[in-house]
Amino acid sequence: MKKNYDKERDLRELKKRYKLFYEYAPLPYQSFDENVKIIDVNQAWLDFFGYDKEEVIGRCFGEFLVLKSRELLNSRILYFKNVGTIQDIEYEIIKKDGIHRIIWLDGRIEYDKNGNFKQAHCFFKDITERKRIENQLRSSETFLSNVFTSIQDGISVLDKDLNIIQVNPIMELWYSHSMPMLGKKCYEVYHERNEPCEICPSLQSLRTGQPAYDVVPKRGPKQKIIGWLDLYSFPLLDEEGGHIIGVIEYVRDISERKKAEQKLKESEIKYKYFFENAQVGLYWSRISDGKFLECNEQFAKLFGYETREELLEGYIATEHYVYPNQRNEILDAIRKNKEVRGYELLVTKRDGTPIWLSISARMFENENRIEGAAIDITKRKKAEYNLKESEIRYKKAYDKADFYKDLLAHDVSNIFNNINASIQLIELWKEDSEMSNNKGDMVEIIKQQLERGASLVSNVRKLSELEEGDRLVKSVEVINIINDSIEFVLSRFQNREIEIKVEKTNEISKVKGGDLLIDAFENILLNGAIHNESDMIRIWVKVSEVYKNDEKFVNIEFKDNGIGIIDGRKKAIFERTYKKDRSTGGMGIGLSLVKTIINSYEGQVWIDNRVMGDHTKGSNFIILLKQS
Amino acid sequence: MGDYSVEFSINGKDAVENYKNHSEKPNVIIMDHRMPIMNGIDAMNEILKIDRDTKIIFASADTMMKEHSISMGATAFLSKPFKLEELIYLINKAIKE
């Protein structure tokens, strides 16, 4: 009895332990029958799936799996039954809340006394996270592998002894002549050497534990240098991160770059030669302040410097523009058209001498720089100027010659015509006593024409002298000259009634004048007398002092009671000189002479009506002469 | 030399005004060219606008005006200095035409 009691007690103890194990084991447990219907599950199972026990017992385990896993279960159940155990079978389950998880299932079949299937006992573990990490890792590996194989630069992994462990396809391509590479020394494969290279970034990296870099030759078969490589070496550390176990070499082919650099260097040398030896001045200057940044010797010489260094040191362009606005003008021109060609600039040299330059330049605004070429065109400009001056002088001379030719042809012809006609009429009337009075008139006409001719010759001579520029300006008493001119005119008009009165307001200062002032006054007085149809020719001369623009002048007015001058002709009447259309000019150059004379003494002359608003009542010639 | 009465104008403009205002138009006009205010060509044009058949003898020391004056309607051109016989001849010829 005691034995039975002990057995029962042991059995109870066992059940208790079993129950504890069953209830509290962390791994989900299930048992199912031959038809995979769930007989029992533990709490861990229920917690995992999210069901209550009643919802689960009697249901097929396959119902808790995704379709693919259910098919796997169905396909493997027979094997399980036959073999009796299964291990690490992967299923994808669906929890009550719809979330999918991955599990690994272990199982053992319990058989009855007869060896028949009784039930299957299974535990499983959730490997969802592990699967996720494995997938991630796999993706990562794939990615890195893709990068490793597809990168167009070379990657080489060496161990501590410089043996090649791994290379990417590019390295295999570059060193196909040294295949196979793995397991060989890097210096054997890459340089066909028996010992490490003198300059080896990988050795340096192994020694120092730091990345290293250098440019190394790329060699083909027989050590022939076929290019250049940028070689970066990085120490490869073990998993603990503490010890160097090798190096990773990252290699970039810079052969093309080196070629380009070499070409550039050669170009630089070539262009440096041209720059330094060019016969035109070449320069770079700063846009912001005009400072010269670089130039050749020829440019320096343009500005009177011995060397380019002196110019770069001492010459500030903005201070040497003769016309300061030209700097902005040229900058605007370059900005507008991207460049200028043949832009002419006047600047001064080091010693202040002006120099004309022809500039061709372009701007690099983002670099604050102008680059250009300059040549000295001073001689050409001087020649152009001289030519222009010559042209002007020639034109003036031509116009002058043309003017005098016309004067001769027209005015003298008219004078001769009148004399000739008068003489012919005198001859005609020789025998006709009735016309004897008229003969006297003809004689008068002849006399007048002769005087006209003489006056014309005299005026031409004076005009010519004035134009030569040889006249003496001196201080003169204007009243005396007026009186002398009146005396002359009175003597000319002895056969007509003529009265000339002079009025002066106060003491009159001396004026700037000269020997020709009397001719000006005479011409005006004669004009007033000749163009006068009144029975009594009257001329009033008024002399006063006036102020104009704070300057003192002597004002002389010659008023007459002649036929007057219409407004439209008041200006033109002074201008019978070198203009092309002389058809409304009439004859004589007397009034032109007046203007030329007065202007030469820095005076002014113009015409008004004697009576305001009525030109028919006579003219008023007004002269202003500067006080001397 | 002939039984002619002669009237004078002091310049081209005066000549045109006198022509317009005169009830009896002249048989012949002797026109100078270079005159103040209005020259001979312009005066001739104004007069010919009034009567295209007016006889105008252009007399000028400006010989370059010969062709131009004839093309503008002058009956004849007389270059200064001229002889009286030439003038009388042209006047008579113009009147007869």
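The crossing of H15(A) and H16(A) is left-handed, a term for a near helix turned anticlockwise from the far one by less than a right angle, clockwise being right-handed. This is a predicted model, in which local features need pLDDT of at least 70 and side-chain atom pairs count only at pLDDT 80 or more, while totals for chains, interfaces and linings use all residues. Residues are numbered from 1 along each chain as its sequence is written, and chains are lettered from A and ligands numbered from 1 in the order in which they are written.

**Helix pair in chain A**

- The axes of H15 (residues 517-530) and H16 (residues 590-600) of chain A come within 9 Å and cross at roughly 145°; axes are lines fitted to C-alpha atoms over the stretch in contact, with angles from 0 to 180 degrees between N-to-C directions.
- Residues in this contact include A:Leu517, A:Ala520 and A:Ile524 of H15(A) and A:Leu591, A:Val594 and A:Ile598 of H16(A), contact being C-beta atoms, placed from the backbone, within 7 Å.
- The contact residues of H15(A) with H16(A) divide into 9 nonpolar, 3 polar and 1 charged (Ala, Val, Leu, Ile, Met, Phe, Trp, Tyr, Cys and Pro are nonpolar, Asp, Glu, Lys and Arg charged, the others, Gly among them, polar).

**Contact between chains**

- Chain A contributes 17 residues and chain B 14 residues.
- The chain A side that touches chain B has 5 nonpolar, 10 polar and 2 charged residues.

**Chain B**

- Chain B has 4 helices and 3 strands, which are DSSP runs (helices H or I, at least four residues; strands E, at least two) numbered from the N terminus.
- From the N terminus on, its elements run α-β-α-β-α-β-α.

Notes: Two residues are in contact if their C-beta atoms, placed from the backbone, lie within 7 Å.
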